Amino acid sequence: MTQRCAAVVVGAGPAGIAAVGNLLERKIGRIAWVDPYFDGGRVNRRYREVPSNTKVSFFQAYATGVQPFRNVVRSTPTPNAFTTMTKLDQNETCSLHYAVDMCRALTDGLVKMDQVYQCRGIVTAADLRDKSSWTVRVRSQDSVEDVEIVAPRLVLCTGSSPTILPLPIPGLSIERLDLDTVLKPSDLYQVIPTTEPVTVAVIGGSHSAIVALMNFVDLARSTHPKLRVKWFTRHPLRYAEFMDGWILRDNTGLKGLAAKFAREQLEDSKLPSSEAGRFIEKIDCSGGKEASAYETHLPACTHIVYAVGFTRDPLPKLTRNGTPLAPEFDHVTGEFYDQSDRQVIPGLYGAGIAFPERVVDPYGNVEYAVGFFKFMKFLKRVCPTW
């Protein structure tokens, strides 16, 4: 079974939803949308309980960023996820479940549109033929046979997962904790023993690490009194700072509840006397102290969690006339280059946490823009050229 479309969008997380919305706004034709779940992506399945580092007003701006979204918002029976968002404080952050419920409502509306071909499944391979069209193979969940989609545009919004690193001390007997579990308190409290002493090594110092520390402190002061944490970090706490019309460390600095918790309880001047300090011991790994810090402190830990960022999920097999491609993302245009000849790969595009926009602030700092509205802003800029 072969479907011919104007574009194939792979992934139905926040970036995939925004990509579909922007392509629909261009009225280029039928959009094939491929995802196994169509449930808001990993952020819905894993991070509903995480406090956002984005103001509610920016989630609202995402949800109204293109006309097809506004049509969905207008036609969705009330009360709904959109009306719930309007009742929140627009200048404050919120739990991510509000934002992902909004994404799921957008998805439900988009897949009902005649111009969207919803395909539940996983893209296993895509072949660029004669520089004009992609033949995309999908392992369908609704059909015994694979689905084949032919389109001139292939948009990868395939997401990322927590980075997994080898243990700092090979052979150490220590239990790994999945960051996804640590960021979900309703799961975390079930995997940490309550009746025996537990010491968790938390590696990292940015948003996910601070949220992890918040969750461990909540457990230690309530259901898990024998829980303690050794926090291994290489740099001082960094916060987003609101400047004149822009934000310093907009993508790397702490915001929202994580920033509040860090300022009030984790700073070197606060930790010794704070409630968090009853349970957390900070281990300084700066200036080349990392190896010795691990050797000294890690053997006393029973568990370890890495909160050091995210790694791009594997891509489907990409070929050109059957020959493997080595795609390299252009963080400015949203296109891909072939690493072998440095030429643009026709019709291949990306967005989202796996393929974010590179931004430079007025001080010359380079960051990668990750966030619902940032994905929308990037796509609104580059999609018209696709």
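Which residue in E17 does Val 202 stand opposite? In this predicted model, the residue opposite Val 202 in E17 is Val 305.

**Burial of strand E12**
- Strand E12 spans residues 198–203, and because six of its six residues are buried, the strand is largely enclosed by the rest of the structure.

**Strand pairing**
- E12 pairs in the parallel sense with strand E13 (residues 227–233) over six bridges, and the bridge partner of Val 198 in E13 is Leu 227.
- Between E12 and E13 the chain passes through helix H9 (residues 207–220), forming a right-handed β-α-β crossover.
- E12 also runs parallel to strand E17 (residues 303–306), to which four bridges join it.

**Nonpolar cores**
- The largest nonpolar core has 111 residues, among which Phe 216 and Leu 266 touch the most other members.
- Helix H9 supplies the largest share of this core, with 10 residues.
- Leaving aside residues up to four places away in sequence, Phe 216 touches Leu 177, Val 182, Leu 188, Ile 192, Val 200, Val 202, Leu 227, Val 229 and Val 305.
- A second, separate core consists of 13 residues, including Leu 172, Cys 285, Cys 301 and Ile 304.
- In soluble globular proteins, nonpolar side chains tend to be buried together.

Note on methods. Residues numbered from 1 in each chain as written. Predicted model: local features only at pLDDT ≥ 70, side-chain atom pairs only at ≥ 80, totals over all residues. Heavy atoms only, no water. Buried < 20%, exposed > 50% of the residue type's maximum accessible area, 1.4 Å probe, protein only. Helix = DSSP H or I, 4+ residues; strand = E, 2+ residues; numbered from the N terminus. Pairing = 2+ DSSP bridges. Right-handed = clockwise from strand over helix to strand, strands pointing away. Core = buried A, V, L, I, M, F, W, Y, C linked by side-chain atoms within 4.5 Å. Contact = heavy atoms within 4.5 Å.
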